[in-house]
Amino acid sequence: MDKQLFYYAVLEIGASLFLGVILLYITYKFLNQFIQKKYDIDINNVAYSIFCSAVLFSVGYLISGIKSPIVTTMRLLESQEGYEGILLLDVLKYGALFFLIVILGIIIINFLSISIFTLMTTKLDEFAEIKKNNIAVGILLATIIICVSFLIKESLYLMIDSFVPYPKMPAGF
């Protein structure tokens with residue numbers, strides 16, 4: 001058994017669990033603070049629960065790929081000849097940067113997808129309908145959020161990849 005790999009896996013599971021639950025909790029509190037209270041939506045509203053579930057799914061789905069750039073960065077830093085930094089500190093620095101980019105991306109993506117869709121549907125006030133517990137509108141907004149998340153994830157991680165400290169290639173390539 002590779003003990004180092006095992007301990008690394010346990011650490012990764014623990015960090016993922018801790019950060020994931022915290023991020024989802026913050027997202028849920030944010031939704032309750034700004035959407036539920038702004039539109040005076042009842043906590044037992046099924047349409048609102050569907051909408052919240054889609055936002056939470058979007059957050060989880062979009063944050064799920066953050067480990068790969070962090071691990072790539074760690075391996076690249078470790079393998080660099082003449083690297084003199086503190087690996088843990090540098091990995092935490094890059095990890096925090098990647099996490100911040102993803103969080104900002106999630107906020108912007110979800111806000112824009114909801115805003116653009118609600119602007120395009122001028123004959124429908126989505127949040128007024130959700131307040132009335134219109135499940136069809138809750139499902140419609142949930143679908144928009146989830147589909148946009150699927151469409152945008154690769155581009156978001158391409159942006160993060162631009163910050164990974166890949167070694168410079170010789171000019172001949």
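Colleague: Where do phenylalanine 30 and phenylalanine 34 lie?

Modeller: Both are in helix α1, 4 residues apart, which is about one turn of the helix. The model is predicted.

Colleague: How many aromatic pairs does the structure hold?

Modeller: There are 9 aromatic pairs. In one of them, the rings of phenylalanine 30 and phenylalanine 34 have their centres 4.6 Å apart and their planes at 50°.

Colleague: What makes phenylalanine 30 and phenylalanine 34 a pair, and why is the pair called tilted?

Modeller: Rings pair if their centres lie within 6.5 Å, and these centres are 4.6 Å apart. Planes under 30 degrees apart count as stacked and planes over 60 as edge-to-face. The planes here are at 50°, so the pair is tilted.

Colleague: How do α1 and α2 pack?

Modeller: Their angle is about 145°, and their axes are 10 Å apart. The crossing of α1 and α2 is right-handed. On the α1 side the contact includes Leu23, Leu24, Thr27 and Leu31; on the α2 side, Tyr48, Phe51, Cys52 and Val55 are among the residues.

Colleague: What is the make-up of the contact of α1 with α2, by class?

Modeller: The contact has 12 nonpolar residues, 4 polar ones and no charged ones. Gly60 of α2 is part of the contact, and Gly counts as polar.

Colleague: Which residues of α2 meet α4?

Modeller: Phe51, Val55, Ser58, Val59, Leu62 and Ile63 do. In α4 they meet residues including Phe99, Val102, Ile103 and Asn110. These contact residues divide into 11 nonpolar, 2 polar and no charged. The angle between α2 and α4 is about 145°, with their axes 10 Å apart, and their crossing is right-handed.

Colleague: How do you find where empty space is left?

Modeller: A probe the size of a water molecule is rolled over the atoms. The largest pocket has a volume of about 890 Å³.

Colleague: What lines the largest pocket?

Modeller: The lining has 28 residues, and Tyr8, Glu12, Ala15, Ile70 and Val91 lie nearest the centre of the pocket. The elements giving two or more residues are α1 (3-36), α2 (46-63), α3 (67-79) and α4 (87-120). The largest share, 11 residues, comes from α1. By class, the lining has 18 nonpolar, 6 polar and 4 charged residues.

Colleague: Which residues lie nearest the centre of the second largest pocket?

Modeller: They are Phe30, Leu31, Val55, Ile107 and Asn110, out of a lining of 24 residues. Two or more lining residues come from each of α1, α2 and α4. The volume of the second largest pocket is about 630 Å³.

Colleague: How many residues of its lining are charged?

Modeller: The lining of the second largest pocket has 1 charged residue, beside 19 nonpolar and 4 polar ones.

Notes
Residues are numbered from 1 along each chain as its sequence is written. This is a predicted model: local features need pLDDT of at least 70, side-chain atom pairs count only at pLDDT 80 or more; totals for chains, interfaces and linings use all residues. Side-chain values use heavy atoms; hydrogens and water are left out. On a 1 Å grid over the protein atoms alone, a cavity is a set of points where a 1.4 Å probe fits but cannot get out, and a pocket is an open set with protein on both sides within 12 Å along at least five of seven lines; lining residues have an atom within 4 Å of a point. Grid points are joined across faces, edges and corners, and a volume is the space filled by probe spheres set on the points. Axes are lines fitted to C-alpha atoms, for helices over the stretch in contact, and angles run from 0 to 180 degrees between N-to-C directions. A crossing is left-handed if the near helix is turned anticlockwise from the far one by less than a right angle, and right-handed if clockwise. Contact means heavy atoms within 4.5 Å. Rings of Phe, Tyr and Trp (its six-membered ring) pair if their centres lie within 6.5 Å; planes under 30 degrees apart count as stacked, over 60 as edge-to-face and the rest as tilted.
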